[in-house]
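Trainee: Before I use any label for a part of this model, I would like to hear the criterion behind it.

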Amino acid sequence: MEQWLKELLGFLPEKRVLTSLADRHSYSFDASFGEYLPDAVVQVKEKREVASVLKIANRFQVPVYPRGSGTCLSGGPLPVHGGIVLDMSQWPADINLRPRDLTVTVAPSVLTSNINKAAEEHGLMYAPDPSSAHVATIGGNLAENSGGPRGLKYGVTKDHVLGLEIVTPEGEIIKTGGQTIKNVTGIDLTKLIIGSEGTLGVIVEATLKLMPKPPAVQTMMVAFDGVRKAGEAISQTLTSGILPAKMEFMDQACIVAVENFQPVGLPVDAAAVIIIELDGHPETLRIERKLIEEIMQEVGAEEVIIPKSDEEAARLWHARKQVSPAIAKIKPTKVSEDATVPRSKIPDFMDRLQDIKEKYNVEVVAFGHAGDGNLHPNVLCDKRDVEEMKRVELAVEEMFQAALDLGGTLSGEHGIGTMKAPFMELELGEIGLEMMKRIKDSWDPNGIMNPGKIFPEKGQKLVLHK
């Protein structure tokens, strides 16, 4: 037995240090691609345990991979160099609300949707709403800087974090930020940690902003006979002075897939639909709804559908959430991406996706948060077909290049992980990437924290086939 493993067993119960082959295989994958076997899985339940694990790992230079629920779509928690998977999901799921301060302090293991549920009991809300909120932990959302449909109006995870408690790679416990809305004391280490994908330390507690829950919402669905018209409608709406809470896009392939999967009456003949949610005071919503209807008519929308009840509205949003499982029925493998472009470039990006689809003979469908330019082009394929997967790799590479050519970015909310690391220099340039690496090296001199993520290894390429 390795000495580092003996030392771990010296202070942790044996049942929380998993070394059997079956247990290690259970932690070898996430919701992306690739399987990597860790040497051990360590389940931690409080910050002092994390500190002790990292001190031992740092001394023996053993890689450590923090992990929540394993829902990551970019390979964030994959143990690509063996070592320790640090399972945070067994941590007591504490939620400490301070309604008068509009803040909440949470443990890393709390399911993100449960934060919002707790806030709603006080007439408040936690705004970030990633689609996986009911199964993903807040620790993972913080590490990946997750977004969601409400990101259009309320921003992504980083915009709602006031302070953190983290364990450094050398096993020291530090706090960043605090509990106040305004805090400009020194370099903003909180923002540095959010979205660093576990490469700089382990988040063991977070203090988040809450806000009053809007008194009313209004849902609308608009159908178009062309994708470009949908893109124009988005731009016209957002430059009109109206800021919807959500503005979601589905192309025809997604619409048809959802109707085949769980029919709700979506217009299958439409080239695209936009589902909009307004929130605020009821009288304001009445005015904004009328203005949006006028904008849609001017742009040339085929149909504007206003749900007659909350139940009808809920069915529309349920249909949007069913896109992922619905398109998974078309082919057994789904490569989910989240390249983001300036909102005005959505039609151009859709044109490029069509070209890529035809060039590589692959099935591509698109949906996502059109209001902030964050689309989710999904390539549908079969990972058992090696020749097809090689074409998919080329198609995905070209998607990223297309997004960058249009002034966009590799990721709007899924993170970089292993999936997008090979393309980092395309966006940041050699010097930009090197500056990020210097920050990583100064925080983690022995390189134990989540190695193999964000920063590409020499010659690394996207590989989706075995």
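Predicted model: local features only at pLDDT ≥ 70, side-chain atom pairs only at ≥ 80, totals over all residues.

Mentor: Residues are numbered from 1 along each chain as its sequence is written, and side-chain values use heavy atoms, with hydrogens and water left out.

Trainee: What makes Lys 290 and Glu 294 a salt bridge?

Mentor: The term requires a side-chain nitrogen of Lys or Arg within 4 Å of a carboxyl oxygen of Asp or Glu. The closest N and O atoms of Lys 290 and Glu 294 are 2.8 Å apart, so the pair qualifies. A search of the whole structure finds 25 salt bridges.

Trainee: Where do Lys 290 and Glu 294 lie?

Mentor: Both are in helix H10 (residues 282-299), four residues apart, which is about one turn of the helix. A helix here is a DSSP run of H or I with at least four residues, a strand is a run of E with at least two, and both are numbered from the N terminus.

Trainee: Why is Lys 290 called partly exposed?

Mentor: Buried means under 20% relative accessible area, exposed means over 50%, and partly exposed is in between (1.4 Å probe, protein chains only). Lys 290 has 49% relative accessibility, so it counts as partly exposed. Glu 294, with 31%, is also partly exposed.

Trainee: What does the salt bridge between Glu 388 and Lys 331 tie together?

Mentor: The side chains meet at 2.7 Å, N to O. Glu 388 lies in helix H14 (residues 386-405) and Lys 331 in the loop between helix H12 (323-327) and strand E16 (333-336), so the pair ties together parts that are 57 residues apart in sequence. Glu 388, at 4% relative accessibility, counts as buried, whereas Lys 331, at 29%, is partly exposed.

Trainee: Are Lys 440 and Asp 444 buried or exposed?

Mentor: Lys 440 has a relative accessible area of 8%, so it is buried. Asp 444 has 1% and is buried. The closest N and O atoms of their salt bridge are 2.7 Å apart. Elsewhere, salt bridges that share partners join Arg 228, Asp 348 and Asp 351 into one network.

Trainee: Why are E15 and E16 said to stand at the edges?

Mentor: The open sheet has seven strands in the order E15-E12-E14-E13-E17-E18-E16, with antiparallel pairing. Strand E15 (303-305) and E16 each have a single partner strand, so one side of each is left without a neighbour in the sheet. Neighbouring strands are turned by 20° against each other on average, direction ignored.

Trainee: Which strands does H14 touch?

Mentor: H14 packs on the sheet, touching E16, E17 and strand E18 (374-381); contact means heavy atoms within 4.5 Å. The direction of H14 makes about 165° with that of E18, where axes are lines fitted to C-alpha atoms, for helices over the stretch in contact, and angles run from 0 to 180 degrees between N-to-C directions.

How values were computed
Pairing = 2+ DSSP bridges.
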